[in-house]
Amino acid sequence: MKSILDPVSLRTGTLANVAEQARDKNDSRLTERGRVTRERILRAAADMMYVKGVALTTLDDVRAASGTSKSQLYRHYPDKDALVRDVVALQAAEVLERHYQLLRRLNSLRGLERWRDAVIERNALRNGAYGCPLGSLASELADQDEEVRKAIARHFDTWAGLLEAGLVRMKDSGVLSADADAGELATGLMAALQGGYLLAQTAQDVRPMRIALDMAIGHVKAYAVPAEEGNPPARDAGGR
């Protein structure tokens, strides 16, 4: 199976786009009502799998939650595997769009802290419950479905790439020293983020996430160039 998500979807992150790209042999004959039905099924499945997990979410659960008939459900998703693939794509699109908006202008250490604050604030709304929408799918599916694992790995690479691009901008502007490895620093931030999600989930408290991210950002700061040695500080645009 191939990813149903193209680069445009990664930018827009809309349910409609993911549902529109879901492969279906009768796609060309879908009515507007059919597309709306498929979006409703996909949204219900994504929400249920996030809270209950993939294994505990049945097609009957999704049918009941989406208010669709069996014939409607199986018209769009003949088996659970097809639905899971689209749920992965939807969660990835929404997560990546959210972080793209937070990181697209990242060019300062303060911007990195703003990103951290936004992530923690969002996770605090649930006291850390349920973890990362994409990370939780990875934990459950990576050892069960190789193609899904590869798709999720690509999404994580894209996510880390958003951080890396911001760190490169910080190097280019003299905020970070030339010997800072933007790729490795981005990987460290991602590891702290995902580990923070897991610890916050088990503790039902976001403090472990803040500690993990603070330590990772502290490592980035170790490469900061003193203001008098570098270029004038860039106007803080990151994380807004």
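Mentor: Ground rules: it's a predicted model, where local features need pLDDT of at least 70, side-chain atom pairs count only at pLDDT 80 or more, and totals for chains, interfaces and linings use all residues. Residues are numbered from 1 along each chain as its sequence is written, and side-chain values use heavy atoms, leaving out hydrogens and water.

Trainee: What is the mean pLDDT of the protein?

Mentor: It is 88, with 82% of residues at 70 or more; pLDDT is the predictor's confidence in each residue, from 0 to 100. Over residues 1-13 the pLDDT is below 50. Where pLDDT is low, the predicted coordinates should not be read in detail.

Trainee: How do you know what span to expect for helix 10?

Mentor: Multiply 1.5 Å by one less than the number of residues. Helix 10 (residues 182-203) has 22 residues, and its 31 Å between first and last C-alpha is close to the expected 32 Å.

Trainee: Why are Phe 156 and Trp 159 called stacked?

Mentor: Rings of Phe, Tyr and Trp (its six-membered ring) pair if their centres lie within 6.5 Å; planes under 30 degrees apart count as stacked, over 60 as edge-to-face and the rest as tilted. Phe 156 and Trp 159 have 5.8 Å between centres and 5° between planes, so they are a stacked pair.

Trainee: Where do Phe 156 and Trp 159 lie?

Mentor: Both are in helix 9, three residues apart, about one turn.

How values were computed
Contact = heavy atoms within 4.5 Å. Helix = DSSP H or I, 4+ residues; strand = E, 2+ residues; numbered from the N terminus.
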